[in-house]
Amino acid sequence: MTNLDASASEVTFKPKPSLPPPPNTVGVVGWVRKNLFSSPLNSVLTLLSLYVIWVVVSNTVEWAFINAVWEAESRRECLDKVGLSGACWAGVSHWMKNFIYGRYPDDEIWRVNLAFGTLIVWMAPFWFPRVTGKMAIGASAIIISPFLLGYLFAGGEKGLFLQLMVSVAIASFIFSWAHVLLCLSTGRSLWDTIVNVSGFASKADNVQKYPVIGAFVVLLVAVFAWQSGWQLEGQSTNLWGGLFVTLVISGIGIAVSLPAGIVLALGRRSKMPIIRVFCVAFIELFRSVPLITVLFMAVTMVPLFLPEQINPVKIVQAIIAVCIFSSAYMAETVRGGLQAIPKGQYEAAQALGLNYWKMMTLIVMPQALKLMIPNIVGSFIGLLKDTTLVSIVGLYDLLLMLKAVSLNPQWNGLHTEPLFFGACLFFVLCFIMSKYSQHLERTLGAGQVRK
């Protein structure tokens with residue numbers, strides 16, 4: 001037995017330890033060989049691409065930075081210094097305020113900054129994980145905040161309705177942030193705090209809303225009494241311009257197009273013939289014409305069909321046109337997302353006894369929206385860039401302000417630098433939106449649904 005064991009141990013297979021991979025197949029060298037020089041054709045294309053990149057980048061850096069003129073009083077002075085070999089950023093710097101705010105008065109610019117700052121602070125709770133009721137906060141920011149922001153932008157005399165809506169907006173903002181602070185500090189919502197303090201915690205659920213409504217009404221009355229005493233100087237919309245107008249038009253278009261697109265998409269899939277035909281006709285009509293046509297119709301044709309007492313300003317007409325046009329495209333994006341949901345999800349929701357609206361809001365739409373994030377953000381980016389078309393109907397948006405520099409006698413002929421600055425600005429805005437959509441996809445796990 002001993003000999004047999006010894007012979008068995010002699011024939012036992014002992015594999016040698018694995019050798020490391022060749023040095024030229026790992027690390028940076030391995031990546032370059034695999035991705036850039038894997039074949040003679042790839043090597044030629046890589047070298048050609050590197051040459052083109054080098055020529056473009058080196059000339060751009062030389063024009064934009066090395067030979068650029070940063071301080072000058074006129075375009076003529078820039079030309080005398082470097083000719084056409086360097087950029088004249090002094091003109092862009094001189095017009096920077098106009099690029100951002102248009103012709104808005106200098107001493108009233110704080111109103112624009114305050115309005116955009118308020119909107120950012122209003123939407124900030126979306127990034128706080130401990131805050132509850134984010135949908136209500138977002139809805140209040142989209143539906144109610146425009147009354148406050150619009151009054152900060154335009155000012156002027158307030159009627160009773162505008163005073164009431166501005167008060168509602170301010171009270172909603174205070175209510176939202178009181179809720180946020182309570183969630184962050186105590187982990188309890190404002191609703192629960194008011195119910196407990198008022199002694200309604202032991203009562204039925206359907207009556208617990210009354211102390212909350214009462215607290216909001218008390219706050220609303222106090223805000224109404226406070227804000228009815230101040231009035232901002234009116235600023236004509238003809239003075240609005242630059243990035244300010246671009247963000248106003250695109251922001252309202254984005255805020256309106258998504259819910260309107262959802263409603264139109266649901267209407268297109270409705271079993272009620274009148275609603276379905278109306279939604280199909282609306283979507284196909286406005287998808288079949290260019291945006292510039294819709295803009296011209298809104299600016300020139302709509303006032304002809306309205307009473308003389310109703311004469312909306314040009315920027316309002318342009319906003320309406322952008323909202324209608326983008327809603328039609330958004331409806332098709334939403335419809336595509338709804339069709340991606342398996343039929344079993346609908347059947348399971350119906351089996352649970354959910355009605356149509358609960359099935360759509362609780363089961364179908366949350367799944368569809370996650371799938372639609374890339375397409376929705378793509379539509380938003382397209383909408384942001386399409387707003388430059390409003391310059392054709394006479395609105396001094398960012399593009400028209402960039403082009404207006406060349407008409408100024410002091411900076412006559414300065415075309416390239418303002419447009420280069422505008423291109424960089426649009427790239428930054430679109431890149432931020434794109435990266436945030438990718439963050440949402442990772443956070444919501446939309447990319448793992450179909451795995």
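How many disulfides does a search of the whole structure find? The search finds one, where a disulfide is a pair of cysteine sulfur atoms within 2.5 Å. This is a predicted model, in which local features need pLDDT of at least 70 and side-chain atom pairs count only at pLDDT 80 or more, while totals for chains, interfaces and linings use all residues. Residues are numbered from 1 along each chain as its sequence is written, and side-chain values use heavy atoms, with hydrogens and water left out.

The disulfide joins Cys78 to Cys88, with an S to S distance of 2.1 Å. The pair links distant parts of the chain, 10 residues apart: Cys78 lies in helix α4 (residues 75-82), and Cys88 in the loop between α4 and α5 (89-94). Helices (H or I, at least four residues) and strands (E, at least two) are DSSP runs, numbered from the N terminus. The torsion about the S-S bond of Cys78 and Cys88 is about 50°, so this disulfide is right-handed.

Cys78 has 1% relative accessibility and therefore counts as buried; buried means under 20% relative accessible area, exposed over 50%, and partly exposed in between (1.4 Å probe, protein chains only). Cys88 is buried too, with a relative accessible area of 1%. Cys279, at 5% relative accessibility, also counts as buried. Cys279 is in no disulfide, and its nearest cysteine sulfur, that of Cys323, is 17 Å away.

An unreviewed UniProt entry places the feature "domain: ABC transmembrane type-1" at residues 243-437. UniProt positions are given in the numbering used here, feature names are shortened, and annotations may be inferred rather than shown by experiment. Over residues 243-437 the chain is 77% helix and 0% strand, and the end C-alpha atoms are 22 Å apart.
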